[in-house]
Amino acid sequence: MSELPDALYTPEQVRALDRRAIEDHGIPGGVLMARAGRATWRLIRQRFPDARRVMVLCGGGNNGGDGYVIARLAADAGLAVDLCPFADPAGLSGDARRAANEALARVPSAAFSPERLAETDLVVDALLGTGLDRPVSGAMADAIGAVNASHCRVVAVDVPSGLSARTGQVMGIAVRAALTPTFIGLKQGLFTGEAADCIGEVVFDDLQVPAAVHDGMEPSARLLGAEALEAGLPRRPRTAHKGAFGHVLVIGGDLGMGGAVRIAGEAAARSGAGLTSVVTRPAHVAALLAARPELMVHGVEAGSGLAALLARADVLAVGPGLGQAEWGRALFEAVRDGDRPLVVDADGLNWLAQAPTRRDDWVLTPHPGEAARLLDTDIAEIDRDRFAAVTAIARQYGGVAVLKGAGTLISDGLCCRVCTEGNPGMASGGMGDALTGLIAGLRAQGFDTLASACLGVQAHARAADRAALDGERGLLAGDLLNALRSVVNP
Ligand SMILES: NC(=O)C1=CN([C@@H]2O[C@H](COP(=O)(O)OP(=O)(O)OC[C@H]3O[C@@H](n4cnc5c(N)ncnc54)[C@H](O)[C@@H]3O)[C@@H](O)[C@H]2O)[C@H](O)CC1
Ligand SMILES: [K+]
């Protein structure tokens, strides 16, 4: 099993890679299945050497076929094996049927029994893989529920059963695995949506298929590898001076929401921007100046006195705490059609959704609710396929779209990038404001629209990982901001 490649594919693309391996490179499907089974078995022996009793759940397709190979290998190694078919092996086709016949000649099949889980060390989930095409129900759903409720560690073959390999959404119910060995091509659905609760650790194996099978196959998305951030944030020259690192102007903070612009401003400053200014309600000026003397804070009523401040800024971040009142609308409209690159978040996105327009130099950073408003749809539709949603926003509004969530997606309308860093503690107030400021700060330092979005998302998630104590509780924006320094200045 090797390091994760960055290329992600749809299930259809992976099936095409399968066919190329078979048809163009003469590797029989049964050999691929045997290799998938052997690779998974080797991983099981490495990671769970103490397992003595294994339960293998086999579905009605080739994912099940992989499971039969594993069951036979486990029996040959002397483990006690409960082999539980969830489809009549006689009804299997081709390679899966041959694998089933070989396994069943070695191991009698057993009906799934939740009670057996108490004596089971390890469950191999070979129910469903890339062929999942409807919500899981009936006996298969009951079994997945029992396995998830048990103490058993689970190895999910290729894809946790019930998780969509395309969208990362759970269809009915899905296996929660400790390990997901996956083959030939990484499925995009393993890295966004609800996948983080199901995949455990993804381990990739190319099944010794020639890399040439990927030739001409444009990945549907790419992982933001850990090294992208280090490579992207160059060290500063000794002769550095603040004028060389840009000037960010954060706009927002209607009455009662001054904290949002403070967080965004502080994130921009900590990102390395040379100067950071804030335009907000006059009522917030004194408190902001006292809290963060690095920020230059200006109290502005709707639109008046803004022009001079805009002229001095290199990048604008509009939205944190902007609000849905007349004040916010006037400020948004004053900057929407200006000539400065923009990062638009929060209520800035809501104002944009009410009067859609296009630009090539902005970064839009919606969460699923804001994305639904931008696309005039509902959150369920966004969750149905987040890759499609973030691409649609980038194509409709121009620039770069960032769809925040577990596995944040970044799209320029052509290819999606996926950030797999971050933790559940980020689901707390102020996180989005910090990301907005961070992206604007990087943009002000000369990174282009896409690079500032990718580096900003990754730095934000990594700072959250560093700040999270147990990763399960709500993170404070201040904790993230404190951690940011060590991330942006490695
Ligand atoms: N390159 C690779 O990734 C390799 C993949 N292999 C394995 O093959 C599966 C894909 O096999 P396929 O037969 O296309 O699909 P599945 O096995 O996932 O299942 C199809 C089977 O299941 C039925 N089905 C679909 N949804 C449901 C549902 N909700 N409930 C019940 N049944 C459902 C569907 O009707 C079909 O009958 C891949 O994941 C790998 O594990 C190769 O073995 C090695 C190379
Ligand atoms: K599976």
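Good morning. I begin with the potassium ion (ligand 2), which is coordinated by N63 (OD1), D125 (O), D125 (OD), L128 (O), V157 (O), V159 (O) and S161 (OG), at 2.6 to 3.2 Å. Donors here are N, O and S atoms within 2.8 Å of the metal (3.2 Å for Na, K and Ca), and water is not among the atoms, so sites may look incomplete. Along the chain, the donors of this ion follow the spacing N-x61-D-x2-L-x28-V-x1-V-x1-S. Helices (H or I, at least four residues) and strands (E, at least two) are DSSP runs, numbered from the N terminus. Both L128 and V159 are buried, where buried means under 20% relative accessible area, exposed over 50%, and partly exposed in between (1.4 Å probe, protein chains only).

A word on conventions. This is a predicted model, in which local features need pLDDT of at least 70 and side-chain atom pairs count only at pLDDT 80 or more, while totals for chains, interfaces and linings use all residues. Residues are numbered from 1 along each chain as its sequence is written, chains are lettered from A and ligands numbered from 1 in the order in which they are written, and side-chain values use heavy atoms, with hydrogens and water left out.

Why is helix α11 (residues 346-354) described as largely enclosed by the rest of the structure? Seven of its nine residues are buried: A346, D347, G348, L349, N350, W351 and L352. These buried residues pack against β13 (315-318), α10 (326-336), β14 (342-344), β15 (362-364), α12 (368-374) and α14 (386-397).

Next, consider T436, in helix α15 (residues 431-444). T436 counts as buried because its relative accessibility is 0%. Leaving aside neighbours within four places in sequence, T436 is in contact (heavy atoms within 4.5 Å) with A317, P320, V343, D345 and T365.

Finally, the whole chain. The secondary structure of the protein chain comes to 17 helices and 18 strands. Of its 490 residues, 57% count as buried. Among contacts with a separation of 6 or more, 71% are between residues 24 or more positions apart. Along its principal axes, the C-alpha trace spans about 85 × 45 × 45 Å. Thank you.
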